[in-house]
Amino acid sequence: MTSLMLQDQNQLTEILAIARSVGWGAANILQAYYRGEANKGNLDIQEDKKDGPVTAADLETNHYILEKLQQSFSTEEYGYLSEETHQGTDPIPHDWVWIIDPLDGTRDFIDKTGEFAVHIALAYQGRPVVAVVAIPEAEKIYFAAQGQGTFVETKQGEVKPIHVSKRNSIEELYFVASRTHRDERFQKLIQSLPFKGVNYVGSVGCKISTILEQQSDVYISLSGKSAPKDWDFAAPELILTEAGGQFSYFNGEPVQYNRGDVRQWGGIMASNGQCHQILCEQASFNLAEIDQQ
């Protein structure tokens with residue numbers, strides 16, 4: 001785990017204040033498109049994007065985030081890894097890299113579930129140290145800096161700390177899953193774990209927010225024919241861990257970002273932390289059995 005000195009902690013606080021402001025601005029753009037107040041309600045959906053649809057809302061929000069961040073954080077010192085501008089297979093050659101998903105949950109945005117989010121994270125040497133997850137339709141943002149806890153802010157300006165649940169047996173835990181993107185292998189894995197119940201929620205940011213709000217306790221990512229990307233996880237990871245949760249590969253190792261290949265293959269466990277190790281071990285064991293069937 002990257003450890004930053006006290007002066008760097010103060011720097012993170014200043015960086016987070018800027019990221020929060022950018023998060024709100026991005027949320028307002030998405031909300032305007034979502035409610036038909038921008039672009040006359042035309043999402044301008046392009047279905048030919050390899051990993052799914054991209055909308056005018058995606059592109060405008062991405063442009064806004066990059067423009068605002070780069071006003072304060074020069075491209076000489078800071079790298080930028082964004083879903084809409086990512087190219088190539090080499091790591092970005094900076095210690096400090098912004099990892100951005102302007103619209104996490106594009107399908108939910110298009111399908112009008114309201115469960116979409118903005119992810120903005122700053123990673124230092126491959127690990128997130130500042131994060132904002134904005135959920136426009138909830139009119140909330142969740143934000144965190146390393147070592148400083150996680151907070152939730154409403155559009156009215158109310159800010160309060162937020163913590164994961166203390167539920168501490170697997171049989172008491174609630175799992176949060178996608179409505180879609182569940183292949184047979186993943187479905188078998190979930191059914192093999194004795195959770196109390198399952199919540200179905202859209203984007204990764206929204207899923208992790210339900211763990212912060214103590215509605216859920218566990219989220220699992222398992223790659224199949226494709227894999228989630230760095231921008232899916234960097235911001236949600238930090239808001240979870242700073243709220244008391246844990247986030248790791250099934251083998252317990254921390255998730256690394258900006259490695260060149262942005263795809264996160266394998267199994268990733270996100271939880272309230274109470275049963276994290278045993279969940280990782282059980283998921284690995286059950287998956288091995290499933291793969292032998």
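**Close-up 1. Helix H5 and its buried residues.** The buried residues of H5 are Val 204, Gly 205, Cys 206, Lys 207, Ile 208, Ser 209, Thr 210, Ile 211 and Leu 212. The model shown here, and in every view below, is predicted. Helix H5 spans residues 204-212. Nine of its nine residues are buried, so the rest of the structure largely encloses this helix. After H5 comes Gln 214. The phi of Gln 214 is positive, near 65°.

**Close-up 2. Cysteines without a disulfide.** How many disulfides does the count come to? The count comes to zero. A disulfide is a covalent bond between the sulfur atoms of two cysteines. Cys 280 takes part in no disulfide. For Cys 280, the nearest cysteine sulfur belongs to Cys 275 and is 11 Å away. Cys 280 is buried, at 4% relative accessibility.

**Close-up 3. The seven-stranded sheet.** Seven strands form an open sheet. Their order is S1-S2-S3-S4-S5-S6-S7, and the pairing is mixed. Which strands lie at the edges? They are strand S1 (78-82) and strand S7 (159-161), each pairing on one side only. From one strand to the next, the twist averages 20°. Helix H2 (residues 56-72) packs on this sheet. H2 touches S1, strand S2 (96-104) and strand S3 (117-124). The direction of H2 makes about 155° with that of S2.

**Close-up 4. The S6 and S7 pair.** Strand S6 covers residues 150-154. S6 pairs with S7 in the antiparallel sense, over three bridges. Phe 151 stands opposite Pro 161 in S7. S7 is an edge strand, pairing on one side only.

Close-up 5. The structure holds 10 salt bridges. One of them joins Glu 153 and Arg 20. The closest N and O atoms of Glu 153 and Arg 20 are 3.1 Å apart. Glu 153 lies in strand S6 and Arg 20 in helix H1 (residues 6-34), so the pair ties together parts 133 residues apart in sequence. Are the two partners buried or partly exposed? Glu 153 is buried, with a relative accessible area of 10%. Arg 20 is partly exposed, at 22% relative accessibility.

Close-up 6. Asp 291 forms a salt bridge with Arg 185. Here the closest N and O atoms are 2.8 Å apart. Asp 291 lies in helix H7 and Arg 185 in helix H4 (residues 184-191), so the pair ties together parts 106 residues apart in sequence. Asp 291 counts as partly exposed, at 45% relative accessibility. Arg 185 is also partly exposed, with a relative accessible area of 30%.

**Close-up 7. Salt bridge between Asp 261 and Arg 263.** Asp 261 and Arg 263 form a salt bridge, with the closest N and O atoms 2.9 Å apart. Asp 261 has a relative accessible area of 30% and is partly exposed. Arg 263 is partly exposed too, with a relative accessible area of 37%.

**Close-up 8. Asn 286 in helix H7.** Asn 286 has its place in helix H7. Asn 286 is buried, with a relative accessible area of 8%. What joins the side chains of Asn 286 and Gln 282? A polar contact of 2.7 Å joins them. Neighbours within four places in sequence aside, Asn 286 is in contact with Leu 189, Ser 192 and Leu 193.

**Close-up 9. Glu 281 in helix H7.** Glu 281 sits in helix H7, which runs over residues 276-292. Glu 281 is partly exposed, with a relative accessible area of 46%. Tyr 142 is 139 residues away from Glu 281 along the chain. The C-alpha atoms of Glu 281 and Tyr 142 are separated by 30 Å.

Technical notes. Residues numbered from 1 in each chain as written. Predicted model: local features only at pLDDT ≥ 70, side-chain atom pairs only at ≥ 80, totals over all residues. Heavy atoms only, no water. Helix = DSSP H or I, 4+ residues; strand = E, 2+ residues; numbered from the N terminus. Buried < 20%, exposed > 50% of the residue type's maximum accessible area, 1.4 Å probe, protein only. Polar contact = N/O pair within 3.5 Å; in protein donor to acceptor, adjacent residues only side chain to side chain. Contact = heavy atoms within 4.5 Å. Pairing = 2+ DSSP bridges. Axes fitted to C-alpha atoms, helices over the stretch in contact; angles between N-to-C directions. Salt bridge = Lys/Arg side-chain N within 4 Å of Asp/Glu carboxyl O. Disulfide = S-S within 2.5 Å.
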